[in-house]
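Reader: I'm new to this one and would like a guided look. Can you take me through it in plain words?

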Amino acid sequence: MKFIKTVIAFPLIVFFTFFVTTTNGQGTKGHIPFYAEPYYNYDPLKITIGKYKKELLTNDTSELTTLANKITADINNTDIESLFFLSIRLYDLGKKDDAFYWFHTAKARAIIFIDMFDPKKIGSIGDKPFELKQFFITTSQLVGEYLNGYGFNDIGKGIIVLEKVKSEIKNIQSYKEVYKDIHFLNDKKLESEKIEGEERLTKLIDYTKSHKEEIRKQRIDNGTQDKY
């Protein structure tokens, strides 16, 4: 399973919509105008799933920073939904560097998480593994427009973040205790999945390093640079 830009069949249970409410690709007050019913609503702000769904509703930057530190210490016991939501909320409150890190942390873990599904038990519309797979892919694409849009304004700094995320992949543990109602493959496969995750980021980092000027020019030409 790869995260690529493609057309996704949206689940009926989880109906995703995406709105840009102002110019410059930003929503009101610079928030990411992301809706993922019934899980997440931008306006009015609502989060219905995840270990930290209540704490993530805060509009206090210091409280959100404290929560991010708490999640760092508890990351292998934290659901991936909370990591994506943390990246969105940090962006919303102006902590965009931290938001970029958490977005790529969530994405790296989501790819491995999906690849660890027992393919015979993923199910279809309405089944939790299927719904989470669609949710993670869609969130990665739509929220990624904002997080990558910002994160690569300074390509050098963006690369440093990707290298940090890559260095932490080796610490990912089994999600069997976090998602007790989902069937995963044997944990032996997790080690090879982590190696593949490191390789994915290595390729992205190497490409970005060797194409810095080209990437920056493309961003300027298409209006992405300094847009987010």
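Reader: Which side chain does Lys189 meet in a salt bridge?

Author: Before that, a word on the ground rules: this is a predicted model, where local features need pLDDT of at least 70 and side-chain atom pairs count only at pLDDT 80 or more, while totals for chains, interfaces and linings use all residues. Residues are numbered from 1 along each chain as its sequence is written, and side-chain values use heavy atoms, with hydrogens and water left out. A salt bridge here is a side-chain nitrogen of Lys or Arg within 4 Å of a carboxyl oxygen of Asp or Glu. At 2.7 Å from N to O, the partner of Lys189 is Glu193.

Reader: Where do Lys189 and Glu193 lie?

Author: Helices are DSSP runs of H or I with at least four residues, strands are runs of E with at least two, and both are numbered from the N terminus. The two residues sit four apart, about one turn of the helix, and that helix is H6.

Reader: How many residues apart in sequence are Asp97 and Lys157?

Author: These two form a salt bridge as well, with the closest N and O atoms 3.4 Å apart. Asp97 belongs to helix H3 and Lys157 to helix H5, so the pair ties together parts of the chain separated in sequence by 60 residues.

Reader: And which helices hold Glu163 and Lys209?

Author: Glu163 and Lys209 are joined by a salt bridge too, their closest N and O atoms being 3.0 Å apart. The pair links distant parts of the chain, 46 residues apart: Glu163 is in H5 and Lys209 is in H6.

Reader: How many nonpolar residues are in the lining of the largest cavity?

Author: A cavity is a set of points on a 1 Å grid over the protein atoms alone, where a 1.4 Å probe fits but cannot get out, and lining residues have an atom within 4 Å of a point. The largest has a volume of about 70 Å³, a volume being the space filled by probe spheres set on the points, which are joined across faces, edges and corners. Among its lining residues are Ile112, Phe113, Tyr175 and Asp187. Counting Ala, Val, Leu, Ile, Met, Phe, Trp, Tyr, Cys and Pro as nonpolar, Asp, Glu, Lys and Arg as charged, and the others, Gly among them, as polar, the lining has two charged, two polar and, for nonpolar, seven.

Reader: What is the omega of the peptide bond from Asp43 to Pro44?

Author: Most peptide bonds are trans. The bond from Glu37 to Pro38 is cis, with omega near 5 degrees. The one from Asp43 to Pro44 is also cis, and Pro44 lies in the loop between S3 and strand S4 (46-47). Its omega is near 0 degrees.

Technical notes: 1 Å grid on protein atoms, 1.4 Å probe; cavity = no way out; pocket = protein on both sides within 12 Å on 5 of 7 lines; lining within 4 Å.
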